[in-house]
Amino acid sequence: MANHGREKKVKPQRRKKKNKDGITTQDNTDDDGGVLRDIELPDDWTVAATSVGSSNFGLDDDDLLLADIDENNVEEVNRSLEAAAARASKLADALSIATTMTSEKRATKREGSYRVLFKSITQYATGNEGMEILQSRWDSVLEACLYTLQGKGNSTPAEQYAACRVLEASSVVLGEDRDDIAENLNGPLKKIINATGRVAQVRSAALRCLAMVHFICGTNCLEEGEDATAVLALCEKVSAESYRGEIVTPLLRATALDCWSLLSTTFSDALIAAGDSDEDYNLGQGLQLLPLLAECLDSTDQSLRRSAGECVSLIHECRLNLGMDEEDAANRSERAYRRGSWDGSEWEVLMDEVKQRIAELSVESGHHMSKKDKKEQRATFRDFMSTIVDDENPEEIVNWRGGKVTLNSWQDIIKLNFVRHCLQGGFQIQLMTNETLQAIFGAVFDGSGMPLNQLEKRMYMSKTSEAAKAADKAMTKQRRTRTNVKNHFLTADGEDI
């Protein structure tokens with residue numbers, strides 16, 4: 001067939017090669033010796049099959065949570081025990097899949113298996129029993145995930161992303177003081193993060209997993225270069241505009257800043273925000289990052305700007321807390337003149353520019369952004385501005401069945417957002433049953449009140465309840481008021497029309 005004078009372009013093929021063990025792996029080099037990049041994944045790619053706000057926490061309709069059980073009702077107690085046994089059985093069945101994943105040839109089948117693992121670990125591995133079941137199968141889960149992350153079996157980027165998410169969720173369930181997990185994952189995850197040919201979503205998931213492992217499982221007993229301080233330094237490098245001779249995508253830079261914020265909560269305020277100039281011996285890590293954060297606030301990527309604003313809020317909070325006790329911290333009139341002030345320091349001018357930029361972002365408007373993005377950005381940067389400009393503490397209330405907790409610092413809010421992203425639809429049930437998370441957030445369950453029965457739930461929690469009707473009436477009144485203001489005009493004589 002004639003080609004009309006044009007030669008057909010030949011797409012470089014990814015070669016398969018065998019390692020010394022005879023296992024087929026991917027060769028990321030083309031015929032000219034260049035590096036081939038994996039197929040990109042969407043920015044909103046997720047391994048969770050259900051939404052984050054699932055009302056049933058991923059459980060089946062016949063599975064009951066212990067918070068809903070009337071202990072005086074023998075029938076309900078028996079049903080709760082049966083539900084707990086069903087969750088444990090589902091968890092064990094799902095974890096058994098990990099033993100066959102390394103021999104599975106179909107990529108879609110392996111990816112589906114990772115989704116099943118992620119759901120079972122986040123939503124069925126509850127309490128000490130769930131942790132023990134996961135611990136008994138941990139070796140097979142770790143082997144399957146590392147097999148995928150190392151590119152064996154011609155694994156796809158979607159599989160590698162899912163494997164990172166499974167490892168991240170497992171670290172939360174297995175709990176604290178597990179240096180062995182951090183030691184096993186340090187090398188493989190850092191290798192993925194440093195591989196510039198990998199997909200940005202995979203590298204971001206690996207970095208999140210590494211940060212979560214050190215946040216939950218790591219201790220101060222790890223060797224230098226393998227501890228949280230080394231991961232913090234890695235996040236600083238990855239958050240730069242270029243890393244290892246390659247331009248870093250905004251998604252990866254934003255993830256690096258989020259991970260830096262999470263790990264910074266494990267250090268003292270002085271290690272983050274102490275010092276008045278570059279010549280200080282013990283200069284805080286956050287102060288060295290301020291010029292980069294100011295640059296990120298001018299980026300066109302919304303997620304990168306949000307992550308940078310959150311970092312600045314955390315650094316500013318740590319700066320204000322230096323040398324102050326609890327009583328002084330509550331008195332805003334004296335905070336600006338204490339040791340934690342930026343006044344007279346080398347960073348005073350830079351912080352003034354950052355404050356101005358955050359104030360601009362809190363009221364930014366224009367046709368280059370959608371209405372939803374503008375609303376989200378304004379709400380987010382108003383919270384940042386209240387801390388950075390007005391020195392006010394943030395506030396976020398977390399409600400769950402059996403209690404609630406109020407968070408009044410950026411350190412706690414950063415932890416909350418990171419754990420929420422990790423657990424997805426299993427966040428609330430893990431918060432109710434995971435002792436590690438309860439210790440992190442100071443969650444206290446209120447067992448004094450009796451649980452609601454089905455009739456009371458319909459009366460107080462249904463969309464047709466009195467509370468829901470009152471909220472609907474209030475919202476209707478607000479809409480009517482806004483409409484009247486828009487349609488209100490005055491004549492030249494000052495009369496209404």
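The model is predicted, so local features need pLDDT of at least 70 and side-chain atom pairs count only at pLDDT 80 or more, while totals for chains, interfaces and linings use all residues. Residues are numbered from 1 along each chain as its sequence is written, and side-chain values use heavy atoms, with hydrogens and water left out. Helices here are DSSP runs (H or I, at least four residues), numbered from the N terminus.

**Helix α3**
- In α3 (residues 127-136), Gly 130, Ile 133 and Leu 134 are buried, meaning under 20% relative accessible area with a 1.4 Å probe, protein chains only.
- Those buried residues fall within an arc of 95° seen down the axis of α3, so they line one face of the helix; the arc is that of the directions from the helix axis to the C-beta atoms.
- Glu 132 and Ser 136, on the other side of α3, are exposed (over 50%).

**Helices α4 and α5**
- α4 (residues 138-149) packs against α5 (residues 157-174) at about 150°, with axes 9 Å apart; axes are lines fitted to C-alpha atoms over the stretch in contact, and angles run from 0 to 180 degrees between N-to-C directions.
- The two are therefore roughly antiparallel (over 145 degrees).

**Helices α5 and α7**
- α5 and α7 (residues 200-216) pack at an angle of about 10°, with their axes 9 Å apart.
- α5 and α7 are therefore roughly parallel (under 35 degrees).

Notes: Parallel < 35°, antiparallel > 145°, perpendicular 65-115°, else oblique.
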